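Here's a quick tour of a protein chain, from its overall build down to its aromatic rings. Have the model open as you read.

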Amino acid sequence: MGRPDPDRRLALMRAFAQTYRDRHFRDEHYDLADGFLQTTLSDDSKMPLRFFVEYNNAWWFEIVTAVRVPAVGYDPDSDTGFIVLDIEYDTDVLRAMQHVHFGDGVINRIRTYASGAFFSRPSPLVELDSHGNRFWLETGYHLRESAEAAADFLDSPTGARFAATPPTDGPISRIRGNLDDLLNRIRQGG
């Protein structure tokens, strides 16, 4: 097996960056069967990449108002990539970095570095996202259980408060539809 093509790796990293900008992950970029993500929020817990893609498309991308990608790159010596993210929650910005490892033409491991203290800010969008982070961690990254916990949260008094007040009312409406779609696909085995 020869060395990976640096141009193809960099193209994959640029496509990965674009999915952040578009706020929608695409399955074909990831090793959905065996890949995983780890974050500074979860220590050594491994989030399966299938969960990362699905739950972020259903929940997280609806909460953030924009994702800027000031830097993306690939190091052929270590065969790893990196991406720097400026994640906007209205006027609050979380700076994060991801270190990426590859499988055969796909991303198979991601390590995210970001400040956990950011999620204690008294911003409605950040507070809403911190609830989502708890679903991930408390359910052990099981997609069905996390999606069901998120749906239950939306039906709770706290969820109703988020649904009734800007700037979280719009994201809650979209999240509810996304979760319904996700749970229907899970139940149908797709």
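## Overall build

Helices (H or I, at least four residues) and strands (E, at least two) are DSSP runs, numbered from the N terminus. By that count, the chain has six helices and six strands, and from the N terminus on they run α-β-β-α-β-β-β-β-α-α-α-α.

Keep in mind that this is a predicted model, where local features need pLDDT of at least 70 and side-chain atom pairs count only at pLDDT 80 or more, while totals for chains, interfaces and linings use all residues. Residues are numbered from 1 along each chain as its sequence is written, and side-chain values use heavy atoms, with hydrogens and water left out.

## Burial

Buried residues (under 20% relative accessible area, with exposed over 50% and partly exposed in between; 1.4 Å probe, protein chains only) make up 48% of the 190 residues in the chain.

## Aromatic rings

Rings of Phe, Tyr and Trp (its six-membered ring) pair if their centres lie within 6.5 Å; planes under 30 degrees apart are stacked, over 60 edge-to-face, and the rest tilted. A search of the whole structure turns up 23 such pairs. One of them is F16 with F25: the centres are 6.4 Å apart and the planes sit at 25°, so this pair is stacked. F25 also pairs with Y30, this time edge-to-face, at 5.9 Å centre to centre and 75° between the planes. F25 is buried at 2% relative accessibility, and Y30 is buried at 4%.

Elsewhere, F51, Y55, W59, F135, W136, Y141, F153 and F162 form one aromatic cluster.
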